[in-house]
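Okay everyone, thanks for coming.

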Amino acid sequence: MAGKTLFDKIWDAHVVEKIKGGPSVLYIDQHLIHEVTSPQAFAGIEKRGIKVFRPQQTVATPDHNVPTVDQHLPIRDELSRFQVNKLTENCTKHGITLYGLNHPFQGIVHVIGPELGITKPGMTMVCGDSHTSTHGAFGSVAFGIGTSEVEMVLATQCILQPKPKRMRIRVEGETARGVNAKDIILYIISSISTSGGTGYFIEYTGSAIRNLSMEERMTVCNMSIESGARGGLIAPDQVTFDYLKGREFVPSGADFDRAVEKWRTLYSDEDAVFDRELQFDAADIVPMITYGTNPGMGAGINEKIPSPEDIEPGNRDSFMKALAYMDFEAGSPIAGRKVDYVFVGSCTNGRIEDLRAVSQFVKGKKKAPHVTAWIVPGSKQVEKQAHEEGITKILEDAGFKLRQPGCSACLAMNDDKVPEGKLAVSTSNRNFEGRQGPGARTMLASPVTAAAAAVTGVVTDPRTFIS
Amino acid sequence: MSIEKFKTILSTAIPLPIENVDTDQIIPARFLKATTRDGFGENLFRDWRYDKNGGIKPDFVLNQDRYAGTILVAGKNFGSGSSREHAAWAIYDHGFKVVVSSFFADIFKNNALNNGLLPVQVTEGFLSGIFSAIEQDPGTQLKVDLEQQEITLMTTGEKEYFQINPYKKECLLKGYDDIDYLLSIREKIARFEQSET
Ligand code: SF4
C-alpha cells in the first residue's frame, strides 16, 4: 500500500463517518469565531433550542469590524457596535472564551491562534473566514467555512465535507535577497492562477519552504486560498516546535516533549501519492506586486504589465476590465507609479516580523509627503511587542501612522477605507475591486516592498535599497 | 431549520458574462454588519448596481428590465475569495435559485448548497451557448432539472448533464439540511471523541 500524505494522515484521523456517496463527517479540534460570520450561526442553534456542544473548543475574538483607533471607547458605528456586542453576548451565554476589544490577547483570529499556541500540529481547525488556511503552517488541516458550517461546529463539533484532492508544491533552492515569503506565494499564484488550486489542499515543501520562519510560513499558507485551494499546510519541524514552546496554550515540560514526539510523525511518507505536483525554483522569484484585480494578476516589480496578446484569449476581457478599473495601461512598466496609500497589516503580513522588516527598512528615512501610511498590528500582543522593541518609535519618526489591531483596511469594513481612485500598496491578500473601499485600487506586495513605496512615494523595487 | 425543497425550474436567466466574480463584488464587506440572514439581496452586486451616491447604473444587467428570472449565468470561477456565506444569502435573497457557471470556487459552492441555491457547472462551450442565446433573445428560457441532473437551453433543446454530490442532491430535493443530520449522530460523535483520547 502506498504511503500517506500529511494531509491524509490528519484528515483520516478525524473522520467520524463517511456518508456513502457523500461527504465525510469531519471532527473539528479547534474552532475560531469572530463577530461577522457567527451571529447567524448562534441564532440558528438557538432556534433549534440546543446548546453549543463543546464550548471549550471554540475561541472568539472581534477583528473584522472593529475600529483601529480609540478602542477603549464604545464603538461609534452603531451596526458595528451591535455586531461586536452580539459576539460578547453569545460567548457569555454559551460559555465560550472571548478575547474582547480590550483584552491583551485580542487580534485578528489568524494572528492570535498561532501566537497563543491555540494552533498546534495535527489538528483540524476551522473558522468562518477563508484565511483560516494560515494555521496550516503548523502542519494542521485548517480551512475556512461558511456560517451554516459554523453552526454545524457549534452544534456538533463536526462538519460535513467532501475530501479535497492533494497537491504538492515544492520550492527548491535559495531566494535572493529582498525576496520573502509574500513574494514566493504571489509568484506561485501568478503562475497557477486564482483557480489553479481549486479542489485541492496544498502541501508546501522544498528547501526554500523549510528555510522560512514560522511567520513566513504563515504568510505562504495564508494565501493558499487565493489560488482557489481549500487550504495549505507545511509539515512541522524543529522550527515549528521552537516557535510553539512556551506559548500560552502549549503544554510544557514532559507534556511538551510527548507532544513533540507525536508531532514528529506528521509528514508525508516518501511514497505518498499526490493528485498534482508542481515545482518552482526559488532563484526565479523576484519581488512581486499585483497590477490587476485578483491576486493571480501579479508580476515581478521590474516587469511590465502584460499586453492583451500575452493573455489567453478567453481571459482577455477580464484582463482588460481589471486594467480599466486599475486605470493602468497594458504594456506599461509597473514600477514608478505614484502611490497614495500604503497599508501594512492583515493576517497575511501583520505579525511582528513584518513590522520589524518595515521598521528596519524605514529606519532613519521618512515616508514621502504625499503618502498616507498605515501600520496595523495583527494583535494586541504584536502591538505590545512593537512598543517594547522600539519599532513603534521608528515607524512614527518615519511618519507612519500606527493604528490599533484589527483587520482594518484589508477588507475596509470599518472606517479604514482607501478613498475612491487612490492607489494603495498593501501587504494584505486581496486586490479585488473595492476590497479596500469603494473605487480603491490595490497593489499587493510584501512588507518591504510596501515600505519602499512609502518612502519613495512610487512603486519601487526594494532591492535598490539593499547594498 | 430546513431549506426549501428544490423543484425543477423553467425560467429566463440573467447573464453576467464576467469571469472571476469574487465575493467582494457579490456582497461588499461594508454590508456584512447585519446579525440576521435577511435582506442581503438589496445589496447584491452593490457597487456594480449603484454608483457612490446610490444612483442606478443603467448598464448593469440587474438594472435592465429586459433581463429577469431566477437563474444567474456567470463567467468562470464564480464566487472566489472570501468564505462569507452572505454571498450565497444575497443571491438567494434576491430571488435566484440557480447559478450557472463553467467553474465555481469551492467554499462558495458549499455555501450555496447549504442554502438551497443550486450551483450548476457546465462546460465552457455550453456556457457561451447560453450567453449568445440570451444576447439574441433575453426571453430565452433555461430548464434546470435536478432529479435528472440536466440543464436545457429551451430555444435549441441543447442539454447538458451536470454533476452534483448524490448526498447534496438528496438534501436539496428533500429540503434536508446538514445540521439535522449531524445532530442525529451526536452520540456517535461523542464516542469518537472518547476513542481519540
Ligand atoms: S485580515 Fe483580512 S483576510 Fe485576514 S481575517 Fe481579517 S479580513 Fe480576513
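So, chain A has an open sheet of four strands, in the order 11-10-9-12, and the pairing is parallel. Before I go on, this is a predicted model: local features need pLDDT of at least 70, side-chain atom pairs count only at pLDDT 80 or more, and totals for chains, interfaces and linings use all residues. Residues are numbered from 1 along each chain as its sequence is written, chains are lettered from A and ligands numbered from 1 in the order in which they are written, and side-chain values use heavy atoms, with hydrogens and water left out.

Helices (H or I, at least four residues) and strands (E, at least two) are DSSP runs, numbered from the N terminus. Two strands pair if DSSP finds at least two bridges between them. And in general, strands of a sheet pair through backbone hydrogen bonds, either parallel or antiparallel.

Which strands stand at the edges? Strand 11 (231–233) and strand 12 (276–281) of chain A do; each has a single partner strand, so one side of each is left without a neighbour in the sheet. Neighbouring strands here are turned by 20° against each other on average, direction ignored. For angles, axes are lines fitted to C-alpha atoms, for helices over the stretch in contact, and angles run from 0 to 180 degrees between N-to-C directions.

Look at strand 9 (residues 165–172) of chain A: six bridges join it to strand 12 of chain A, running parallel.

Strand 1 and strand 2 (residues 24–27) of chain A pair over three bridges, and Glu17(A) has Val25(A) as its bridge partner in strand 2 of chain A.

Now, salt bridges: a side-chain nitrogen of Lys or Arg within 4 Å of a carboxyl oxygen of Asp or Glu. What is the count over all chains? It comes to 37. Asp269(A) forms one with Lys9(A), the closest N and O atoms being 3.0 Å apart. That pair links distant parts of the chain, 260 residues apart: Asp269(A) is in the loop between helix 10 (253–263) and strand 12 of chain A, and Lys9(A) is in helix 1 of chain A.

The contact takes 54 residues from chain B and 67 residues from chain A. Helix 8 of chain B gives the largest share of chain B's side, seven residues.

That's the tour, thanks!

Notes
Contact means heavy atoms within 4.5 Å.
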